[in-house]
Amino acid sequence: MSSNAVKVYRQLLKAIKKHIGQEDYKKHFSEFVMLDFRKNSNLSDHSSVQQKIKLARDYTFMLNSVHHHKELLFSYNIAVDRSEEMKRVLGKSAASVGLQLPEVYQP
């Protein structure tokens, strides 16, 4: 694989890990990418390889853009329930200084 393909491969796996997740029931996304890149690493048709690299780059861009768009909608409070988002932000803030938020009792 060329260095460009390796770079795109790593970026795609990073985007999948960050935006889709690593849970067991979501592993098939990253496994598909790994298998497809390995399968196509020995192709001799240069144009086909370039098309697949472009597709992977575009998919990575789409994943990152959709996630960024969702964050913008949350930040602008566009008709969404922000309670889960605020819990996540507060949890990350607390974790950054070594604390953990207590579980909230709900009867």
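Predicted model: local features only at pLDDT ≥ 70, side-chain atom pairs only at ≥ 80, totals over all residues.
A pocket is an open set of points on a 1 Å grid over the protein atoms alone, where a 1.4 Å probe fits and protein lies on both sides within 12 Å along at least five of seven lines; its lining residues have an atom within 4 Å of a point.

Residues are numbered from 1 along each chain as its sequence is written, and side-chain values use heavy atoms, with hydrogens and water left out.

**The second pocket**

The lining of the second largest pocket is formed by Lys87, Arg88, Gly91, Gln100, Leu101, Pro102, Glu103 and Val104.

**Overall architecture**

The protein chain has four helices and zero strands, and from the N terminus its elements run α-α-α-α. Helices (H or I, at least four residues) and strands (E, at least two) are DSSP runs, numbered from the N terminus. Of the 107 residues of the chain, 20% count as buried; buried means under 20% relative accessible area, exposed over 50%, and partly exposed in between (1.4 Å probe, protein chains only). Among contacts (heavy atoms within 4.5 Å) between residues at least 6 apart in sequence, 53% join residues at least 24 apart.

**The nonpolar core and the aromatic pair**

A nonpolar core is a set of buried Ala, Val, Leu, Ile, Met, Phe, Trp, Tyr and Cys residues joined through side-chain atoms within 4.5 Å. The largest such core has 13 residues, and those with the most contacts inside it are Leu12, Ile16, Val33 and Phe37. Two or more residues of this core come from each of H1, H2 and helix H3 (46-75). H1 gives the most, with seven residues.

One aromatic pair is found in a search of the whole structure. The ring centres of Tyr9 and Phe37 are 4.8 Å apart and the planes meet at 50°, so the pair is tilted. Rings of Phe, Tyr and Trp (its six-membered ring) pair if their centres lie within 6.5 Å; planes under 30 degrees apart count as stacked, over 60 as edge-to-face and the rest as tilted. The pair links distant parts of the chain, with Tyr9 in helix H1 and Phe37 in helix H2, 28 residues apart.

**Individual positions**

The accessibility of selected residues is listed below.

| Residue | Relative accessible area | Class |
|---|---|---|
| Thr60 | 7% | buried |
| Phe37 | 12% | buried |
| Tyr9 | 15% | buried |
| Ser30 | 17% | buried |
| Leu13 | 22% | partly exposed |
| Lys18 | 61% | exposed |

Leu13 is found in helix H1, and Ser30 in helix H2 (residues 27-40). Leaving aside neighbours within four places in sequence, Leu13 is in contact with Ser30, Val33 and Met34. With residues up to four places away likewise not counted, Ser30 touches Leu13 and Ile16. The C-alpha atoms of Leu13 and Glu31 are 9.5 Å apart in space, at a sequence separation of 18 residues.

Thr60 lies in helix H3. Beyond its neighbours within four places in sequence, Thr60 is in contact with Gln11, Leu12 and Ala15. Lys18 belongs to helix H1 (residues 3-20), and its C-alpha atom is separated by 9.0 Å from that of Asn64, 46 residues apart along the chain.
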